[in-house]
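Here's a quick tour of the model you're about to see. Have the viewer open and follow along.

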Amino acid sequence: MARKKSKNSGENQQTGPPIEQEAPVKQSAIAIVMAQANNPRIVTVSFPDRRFKQDDVGFQKAFRDISSKYNLELKHVVNSLKNLVIEFNNKGPLPENQVRLILRDVFSVQQRTSIHMSEKILKQLSSDKAFLDSLSKNRYVLMRTDHASRSLVMEGGRESVALVSADIQDYIAWNTDSVSLPVDIPVVFHEFIRGPASSTINSIIESSGNFVDVAFEKPSRNQVLLTGNSKCVEKARDLIISQYNRLNSTMTKKSLVLPKTQYFAFKQQMPQDVIDITQVSVVAVEGKDNRYLVEIAGESFKVDEVCRYVQLALRENQATSIDCPYWICMYMSIFDDFKKSFALLFENFSYEINPHDETITVFCHESRTNEVVPKIRNIIADLKSDGYYDSLIISDSFARILESKDRKEWKRIEAETATSIFIDSQIDRISIDKLVNCSNHAVPPSSTSSGPKTLETGQSTSMGFSYDLNQTANSNSSASTEALCLIVGVKSQVDAAKDMILDLITFYDSFITLNMKVPNHFHRFLIGVKGKALNEMILSNGPNCTISFGKESPNLDSCIIRGPEAEVAVLAEAMNKKVEEFDEIHHLEEIEIPAQAKELVLNGKDLLLNTLRKFGIVDNLVFPSTVNSSRDIITIIGKREIVLQYSACLSDYIQQMVHSVTKNVPIPEPIVAILKEFGDFVVRAVTVDAGSFLTIRLPKNISKKEKMIIFGPQKYVDRASTMIQKLASCNGDYSFEFISVPSQYVPKLRDQTYNVIKREGIHVLYPSSKRDEEAAIFLIGNSSGVLNTRNVINEAIKAIQNTVEKKMLIKAEFKKDFLKKSSDNDTLVNRLTRQHNVSISISDRVKEVDTLNLQVSGNKKDVDEAVNTINNLIAIFNQRTEAKVLFQQDEFNHIHRRHRDILKETQAKMNVILSVSQNFYDSLKAGKFDGDCEVTIKGLPSDVSATQEMLKNWKIVTISHPIAYYVQRNIIRPKTQEFNHLVHALRVDIDLGWMHNPPLDFINLSGLKPSVECAVEYINELADKEFEVRIKVDPKYYTRLIGKKGSFIQNFKLDNNVSVSIPEPSDGGDIVSIFGRKSDCYSAMKNLEALLAVWDSSVDQEFQIDSRVKPQVCGPKNETLRQIAKRHDVYVSVPPFEDIHAPMRTIRVSGPRDKVNKFIDIIKAESQTILDELDEAYDYNSLPNYNYELDINAITVIDGTSQKKANKKKAKKNQLDSGTAGVIRLLPGSTKNNCR
């Protein structure tokens, strides 16, 4: 896509005005006076039409942008002549005279212009927000569209208006008589027409008049699309065609078709510097059957050079086509085993399998062709002789079923029959005549070749060859509705797979379709999140079924179930139950609103909603839009019982609205003046109080001769008419009232009367507050409420009138005390205000006197009490003394850096004021800390002395605290809660010893002395929780210490509330570590030592039992033996056997000597008893001797695992049924072919 940028485009243009000198604008009288004052930093901008608005968003944006762009500090005021006076402080590189010119151009409305255009362009421009935003970006210009005069009006600085005008003219030219014109240019010439860095096409665009876009390879590959002004487009077309004709007549063009492998070899071998877009162009497009059409155009010597690289690629990747049956091509193209075999057999070799052409194309160097081709032929011959295939013509819908659900059925058939199945939807490209009656019986291997044969050639592509890459697609324009299902494997397995597919086809053909009505708003609940609920319903009730919901009108409420008849019935029943359940909790009701009642219903919607909420909450309640809509319906969704109540209420309400009446009510003379002044407010009040279900319209000219129109239900219209009459008579229960108050009282009265107005339910209109004017408060509503509100307002007025103000002088230094925030984020002024119910303010400093005015206003009694309290506080402030504490600057910097809030905390805690001398902050800014600094303390004498003693203890100390490195690693790691508490809460610096190399058994703590002491105490508490003791244990006891599956050590840890670490046997360690609290660790160590003492006094013995009695004596997993050992308080283990045929088994037992001996005697006695029973039960000379005769020709040997298992089961069954003995005899005649 190429487009010539407009000369006046907003991009890359200076956003500010030019900096050369210009004639100053005409100045006002005040501006002339200021200019005479010779102040170069003041600019005055006059606005003859008074259009300047200080709060305008565009003005504020301009002020910010100019300040940041030119590094200016700007201040502005509007003088009495409504002129803008700007004062600037120039911190940027521009001289002041240029800054003055820039400010005048930006902020003055010096130029106003309008651009006329057609109505169509004006509408398009008004809706093109992106373009309008780009016009005003970094330009200070205001624009508006005037549809009456069909023009765009602009006003702003001269330069900004000029730039925007130019862009608008370009926009009009672009969109006036706009056309799109495709030009047929072969794609190989596109790069020549584009030119280096788009120089050629840019020159064409500029020569055409700029208003044209050029898009290459659009709308098709061999076309160039021109878009823009019709005249510019036609001129650009002529220039591009002329350029193409010149190139076509002077340049050489060649085209050739290369297989994919040869094309990529050519791309890889050709150097990048060969392709020079000024001399040659090479383009390629991928077509059918992995073929690429390569087109070359350019200077003849460059084309010949490119062709030499093509010939080189063809020689090194000579193509040879080998005949291969379709089914073998499909079989080889799917499985990676063949690809791996080819990679092992050949090097520097590639191939392409073309099943539909029934060929394998081999690419290799011409010297290796005779080596590679015979080997591939042998592989194909082996597959022909050993393999077997069959095929079926299936419908396209059944093919989609097999491929659905991640090919679940497809994979199941392949797994159960040990076959490979392929589905080819391009059946029209297969030679079906060679697969005659494939659906009925298998095609013998001798007739498996299908499709046209291709002669083997060394290279069949010439440099001048012309080929239509789309010829295959064009010849088969009609899509096939059938597909070929190919089955490959052993004959019996192929037949089994074919039968399974036919059964599956019969099964799916028996499916029925049921169309149910399910309301559309239930669909999302039935489907669930990501279809989970729907999938669960299908799996539970009809795993072979599918469910689809209607997505377009009029089928939005449809649900289609397809599947077996029995499953469809079950699934439909489950669906109905779900719908019934959802209907109880998501019931839908729709209520139609007649056209004549729509306005009244929508006007009274708020009151209606308040009534409906009494019944409960629903999921969704939607009213129709106020604008014209196709359906005026109220939709309700929610619990059934609540929705029905909503529906009944709304239906009754709508019926009342339908029977609405219109009444013309004369305007009573007493309220004519009121309606003229407060007409809208009175109408709103009467509408709300009468029921909100009506509409009241006042005439344009309000007089006693005119009538107001009241429209709504009869009872509400009568009620509103009665209220109007009561307002006029001033005697009924509905009235109005005026209260005259000074305007400065209005804000206070609004705050003080809010609650009573809300309680009484009346309507009050407060006037806007204006100084030195009387204001009238208008009240309307029920008479009792109006009367009560009037009394409250009168009392509030009296209270305001009784308000007094007292002023007192305080020292300026006390201002901080009154306004300083305490720990609860509250100031002294706020506390005094709440305590005495007064208002306190502190004014600016009195001129030439170091005092401030403190003003207290409120009720006289409250003010007197507040003044007394303030005087007492001032007396306390006057008693305050001052003290100073010296610090070295580097030491105080450390305190200030690590304890930023320590001054504030100390002030709040000690009730004093702390300040640091200025020289410390100067040193802080310079980064050099030399000498001393002072901290000044102000407060009561007792507080100052206590604080002084505290500050004297502000010394930085560093201590080394001993603690084992492994305890450090466990309890004080960076970013842990404990580490953060030490650093942030206790404010100490920590140097962890365990992070050194080698680790150290201590840590260094730095900080204020109290903080360091608290940190040491905190670390000791942590260390006590992570104590460790070590005990030496003989590794031979590790097995007993751990127990079966760790049971013993787990119980030991739970009983002693510790953690235990036992070395691995391969480590050879004999130290067991115990972790936990200090007391728990010592207790656990004593218990372990006592246990070891018992184990040391025990003995280990081994004895043997007969292997035949081992299962009875030891039991499953030696559980019986362990139970006996547990009863005798010994430990027993059975070592794994080394020889499965050994006559004796060894048992190892340990424990007290007497208990071990007793346990051995019991086991040996039990063994002897079992042996005696065995000798009596069996006669070892009566075993039968069977001989079997096996005819190996009777067994069909195949590759499939399932067939082998079937034959084994069959042979075993025959053996058991015969019950006769025989001699194993292998019969001759067994060969490879009949075994398969």
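## Ground rules

Helices (H or I, at least four residues) and strands (E, at least two) are DSSP runs, numbered from the N terminus. With that in hand, Pro 219 sits in the loop between β9 (212–216) and β10 (223–229), and we'll come back to that proline below.

What you're looking at is a predicted model, where local features need pLDDT of at least 70, side-chain atom pairs count only at pLDDT 80 or more, and totals for chains, interfaces and linings use all residues. Residues are numbered from 1 along each chain as its sequence is written, and side-chain values use heavy atoms, with hydrogens and water left out.

## The chain as a whole

The protein chain carries 46 helices and 46 strands. Of its 1236 residues, 40% count as buried, where buried means under 20% relative accessible area, exposed means over 50%, and partly exposed is in between (1.4 Å probe, protein chains only).

Take the contacts (heavy atoms within 4.5 Å) between residues at least 6 apart in sequence: 70% of them join residues at least 24 apart.

## How confident is the predictor?

The score here is pLDDT, the predictor's confidence in each residue, from 0 to 100. The protein chain averages 77, and 81% of the residues score at least 70. Helix α20 (residues 565–585) has the highest confidence, at a mean of 92, while helix α46 (residues 1232–1235) has the lowest, at 35.

Over residues 1–38 the pLDDT is below 50, and this stretch has 65 contacts in the model beyond near neighbours in sequence. Residues 1216–1236 also stay under 50, with 35 contacts beyond four places in sequence.

Now look at helix α10 (residues 260–269) and helix α11 (residues 300–316), which pack at an angle of about 125° with their axes 9 Å apart. Axes are lines fitted to C-alpha atoms, for helices over the stretch in contact, and angles run from 0 to 180 degrees between N-to-C directions. The pair is therefore oblique; under 35 degrees would be roughly parallel, over 145 roughly antiparallel, 65 to 115 roughly perpendicular, and the rest is oblique.

Which residues make the contact? From α10 they are Gln 262, Ala 265, Phe 266 and Gln 269, and from α11 they are Val 306, Tyr 309, Val 310, Leu 312, Ala 313, Leu 314 and Glu 316. By class, that gives eight nonpolar, two polar and one charged residues. Ala, Val, Leu, Ile, Met, Phe, Trp, Tyr, Cys and Pro count as nonpolar, Asp, Glu, Lys and Arg as charged, and the others, Gly among them, as polar.

Most residues other than glycine have a negative phi, and most peptide bonds are trans. Back to that proline: Lys 218 and Pro 219 are joined by a cis peptide bond, with omega about -5°. Another cis bond links Asn 997 and Pro 998, with omega about 5°; Pro 998 is in the loop between β39 (989–991) and β40 (1002–1008).

As for phi, Ser 198 has a positive value near 60°. Ser 198 lies in the loop between α7 (190–194) and α8 (199–208), and counts as partly exposed because its relative accessibility is 23%. Asn 911, also not a glycine, has a positive phi of about 60°. Its loop runs between α33 (902–910) and β36 (913–916), and at 53% relative accessibility Asn 911 counts as exposed.

Lys 952 belongs to helix α35 (residues 941–952). Buried or exposed, or in between? At 44% relative accessibility, Lys 952 is partly exposed.
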